[in-house]
Amino acid sequence: MYQIAHDVKIHCFKEDLYELVSTAAGLQQWWTFQSEGVLGINNEYRLFFSEKHDWKAKIMEFSENESISFLMTQSPEDWRQTIVSFELMDLQNHEILLRFEHRNWREINDYFRESSFYWAMYLNDLKKLAEKMYHNKAG
């Protein structure tokens, strides 16, 4: 199995970053066009990107303000049964290391490479959003 991995240092409040990666309302601010679902083990989120890309993911595990993992249950074939996870690690002075993984890819193909690129772009958007939220609150 193969995986996409990115580490991103983000200057933010950890609670805000966790909300952005773990709640339906948070995910739709930087990743999806619309998300629905309630945070809880085995709960399913709807991840809506377009009529053609209306996906679902089940929450496999979560630890408040620390980590969350999603099992992709309804998605393109290459993504199906892959695991998307976010781990938040405290560094210092409101700097958080976001450790991102997209695991269990069956092969390295064009879609894997494209997904890796787009994850980097989305994670950069997430970083900008979380840092903007921090500066708006911290002054």
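A: A salt bridge is here a side-chain nitrogen of Lys or Arg within 4 Å of a carboxyl oxygen of Asp or Glu. The model is a predicted one, in which local features need pLDDT of at least 70 and side-chain atom pairs count only at pLDDT 80 or more, while totals for chains, interfaces and linings use all residues. Residues are numbered from 1 along each chain as its sequence is written, and side-chain values use heavy atoms, with hydrogens and water left out.

Across the whole structure, the search finds 10 salt bridges. One of them joins aspartate 54 to arginine 46, with the closest N and O atoms 2.8 Å apart. For exposure, buried means under 20% relative accessible area, exposed over 50%, and partly exposed in between (1.4 Å probe, protein chains only). On that scale aspartate 54 is partly exposed, with a relative accessible area of 24%, and arginine 46 likewise counts as partly exposed, at 24% relative accessibility.

Salt bridges that share partners also join Lys14, Glu66 and Asp90 into one network. Within it, the side chains of glutamate 66 and lysine 14 meet at 3.0 Å, N to O. This pair links distant parts of the chain, since glutamate 66 lies in the loop between E4 and E5 and lysine 14 in helix H1, 52 residues apart; helices (H or I, at least four residues) and strands (E, at least two) are DSSP runs, numbered from the N terminus. Glutamate 66 is partly exposed, with a relative accessible area of 34%, whereas lysine 14, at 9% relative accessibility, counts as buried.

Aspartate 16 counts as buried, at 9% relative accessibility, while lysine 137 is exposed, with a relative accessible area of 55%.

Leaving aside neighbours within four places in sequence, leucine 17 is in contact (heavy atoms within 4.5 Å) with residues including Ile10, Leu98, Leu126 and Ala130.
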